[in-house]
Number of protein chains: 2
Amino acid sequence: MSSPVYPKMAVIGCGLIGASVILAARASGAVTHVAVADASPAARERVTALGFADLVTADPAEAVKDADLVVFAVPVMAMGEAARAAAPALKTGATVTDVGSVKAAVAEALIEALPKSCFVIPGHPIAGTEQSGPDAGFAELFQNRWVILTPQARDDEPYLDAVQRLRDFWTALGAQVELMDDKHHDLVLAVTSHLPHLIAYTIVGAAADLEGVTRGEVMKYSAGGFRDFTRIAASDPTMWRDVFLSNKDAVLEILGRFTEDLQAMSRAIRWGEGDKLYEHFSRTREIRRGIIAAGQESPEPNFGRDHRPVLEAGDTPDTKAQ
Amino acid sequence: MSSPVYPKMAVIGCGLIGASVILAARASGAVTHVAVADASPAARERVTALGFADLVTADPAEAVKDADLVVFAVPVMAMGEAARAAAPALKTGATVTDVGSVKAAVAEALIEALPKSCFVIPGHPIAGTEQSGPDAGFAELFQNRWVILTPQARDDEPYLDAVQRLRDFWTALGAQVELMDDKHHDLVLAVTSHLPHLIAYTIVGAAADLEGVTRGEVMKYSAGGFRDFTRIAASDPTMWRDVFLSNKDAVLEILGRFTEDLQAMSRAIRWGEGDKLYEHFSRTREIRRGIIAAGQESPEPNFGRDHRPVLEAGDTPDTKAQ
């Protein structure tokens with residue numbers, strides 16, 4: 001294994017993403033020493049039990065001491081406070097990044113809180129599951145996923161070197177890296193992540209509380225499509241509250257566009273405009289094909305969940321066709 | 001294998017569901033002889049090549065001759081015409097059912113088109129994938145899924161016997177059967193299937209055609225949640241056009257409720273009401289847990305699609321942990 005990209009890494013906040021960064025970085029040899037800070041006693045206890053950190057503490061300042069890379073992996077609106085707590089102990093020349101789903105607000109909070117002597121490079125891995133907490137982490141989470149970095153508008157050599165090194169780090173973890181302006185990131189992610197979560201939370205909440213249809217019926221007959229929405233509606237509530245509050249403008253803009261289109265669909269149904277519905281429904285298949293071709297989705301029907309080969313001991317995938 | 005539930009079955013329309021009914025019925029021994037009618041030459045060619053039917057024809061009347069069970073598996077608004085074509089050849093005492101996603105409109109069309117000498121029992125298996133056509137069918141599709149039958153308001157012995165026999169048929173195919181009033185079915189499915197499809201088609205359509213964000217970006221960063229919606233938005237356009245046109249009232253009612261809730265969410269974001277968002281986001285996890293407990297969803301993160309064990313030849317699932 002080649003030499004580590006960063007000998008010492010500190011991860012502040014060890015949920016699904018923080019734990020996955022650690023597991024992936026360790027598995028790839030990208031880091032040697034890992035310190036974790038987490039405000040939750042329960043999370044610290046789990047991290048200690050899982051044994052993937054060299055140091056586990058409640059204090060961000062203790063964790064970041066001597067770290068070459070600091071990864072803030074707390075909810076978006078907790079970034080500023082965590083950064084202020086870590087700031088006095090940061091090593092000169094350390095790289096500081098984060099994994100928050102919103103970038104402009106986080107960049108502002110980090111840059112304000114942290115000394116000029118470190119390199120702040122905000123980031124966002126487009127990867128995750130609906131589960132939360134350190135036990136939900138796994139080393140393969142970033143394989144073939146995209147990580148967006150939103151570097152500051154600086155072109156001094158040391159900063160550019162720091163950006164390149166952070167790219168190397170994520171590449172070692174299996175990800176593909178893209179650089180982007182933070183405001184553009186926030187608009188793109190409002191489309192591909194924030195609005196989908198808002199819609200899913202809304203439809204699942206509405207279905208749970210209807211006149212005339214029971215919760216039991218909603219659950220029993222959910223294989224008609226509804227169950228798909230429950231996955232992302234099971235995501236961490238604190239994380240998502242913070243995303244909507246700190247990317248308000250882009251989310252409301254994209255939501256406005258969606259609402260217009262939904263009203264047009266509603267009108268087409270009300271007036272029996274079959275051709276308009278057919279034309280719309282015919283265009284959307286292509287997008288899924290593109291996502292599968294881009295390696296971002298399983299090609300199997302139903303995401304593969306109902307359709308898996310039933311293997312018995314002694315069978316190999318080659319001897320039992322799916 | 002015990003004796004067949006229906007010696008001769010005719011399937012009118014052989015797409016994903018029609019083909020799966022045939023494969024599941026054959027695998028379970030629930031039928032002996034299968035005739036298929038399909039209006040599409042391409043579908044007939046595939047059914048012939050796949051070899052799972054004893055007779056393949058364009059003519060519904062030819063297919064239903066001597067059949068004990070006739071299953072209409074065409075798009076909802078094509079049911080009436082298919083039934084009229086089959087009617088003159090139907091055997092006295094045959095059971096006629098369908099697999100349409102809307103029940104009140106289909107019941108009306110079938111009962112109007114068919115002779116009183118057969119038993120019309122509308123039905124709807126809550127199962128499917130985003131794929132279409134006879135090649136997409138598979139025998140396990142109905143395992144542990146629900147089938148809703150919406151019998152007519154008749155209590156004569158021969159009809160009740162016919163309903164029981166159709167229950168036995170679906171049970172043999174691995175499904176669980178529930179009886180329901182057709183109007184109630186249409187309301188329940190508007191919640192668990194029709195609205196989710198409408199929302200998914202709308203969000204995927206909107207994202208494909210935005211100012212400021214390219215299609216390429218939408219595809220690349222779709223793992224943030226958007227890709228989930230593309231699965232059901234890849235469903236058959238004809239089928240879904242017909243569903244919305246023939247279940248208009250229930251869909252618009254449920255859409256109205258969803259839109260109200262979405263406006264409340266939008267307002268909470270605009271005014272920064274974090275507590276309201278948090279409270280809403282905390283309630284929806286429970287619904288997913290209920291669906292998993294009811295056996296209607298995979299408990300694995302991300303539906304298991306990114307997280308599957310990589311098996312090599314010679315490994316068994318017992319020797320390689322996920």
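1. Let's start with a loop residue. B:N144 is partly exposed, as 14 other C-beta atoms lie within 10 Å. (Buried takes 20 or more other C-beta atoms within 10 Å of a residue's own, exposed 12 or fewer, partly exposed is in between, and the C-beta atoms are placed from the backbone.) B:N144 sits in the loop between β7 (123-125) and β8 (146-149) of chain B, and its phi is near 65°, a positive value in a residue other than glycine. Helices (H or I, at least four residues) and strands (E, at least two) are DSSP runs numbered from the N terminus.

2. A quick word on the source. This is a predicted model, where local features need pLDDT of at least 70 and side-chain atom pairs count only at pLDDT 80 or more, while totals for chains, interfaces and linings use all residues. Residues are numbered from 1 along each chain as its sequence is written, with chains lettered from A and ligands numbered from 1 in the order in which they are written.

3. Another asparagine to look at is B:N302, with phi near 55°, a positive value in a residue other than glycine. You'll find B:N302 in the segment after α13 (285-293) of chain B. B:N302 is buried, with 23 other C-beta atoms within 10 Å.

4. Now to chain A, where β7-β8-β9 is the order of an open sheet of three strands with mixed pairing. Its edge strands, each pairing on one side only, are β7 (123-125) and β9 (176-179) of chain A. From one strand to the next, the twist averages 20°. β7(A) and β8 (146-149) of chain A run antiparallel over three bridges (strands pair if DSSP finds at least two bridges between them). Within that pair, A:H124 stands opposite A:I148.

5. On to the core. The largest nonpolar core has 231 residues, and A:V11, A:I12, A:V70, B:V11, B:I12 and B:V70 have the most contacts inside it. (Such a core is a set of buried Ala, Val, Leu, Ile, Met, Phe, Trp, Tyr and Cys residues joined through C-beta atoms within 7 Å.) Neighbours within four places in sequence aside, A:V11 is in contact with residues including A:G18, A:V34 and A:A73; contact puts the C-beta atoms, placed from the backbone, within 7 Å.

6. Last, the interface: 96 residues of chain B are in contact with 96 residues of chain A. On the chain B side, α7(B) gives the most, with 18 residues. That side has 51 nonpolar, 26 polar and 19 charged residues. (Ala, Val, Leu, Ile, Met, Phe, Trp, Tyr, Cys and Pro count as nonpolar, Asp, Glu, Lys and Arg as charged, and the others, Gly among them, as polar.)

Conventions. Contact = placed C-beta atoms within 7 Å. Axes fitted to C-alpha atoms, helices over the stretch in contact; angles between N-to-C directions.
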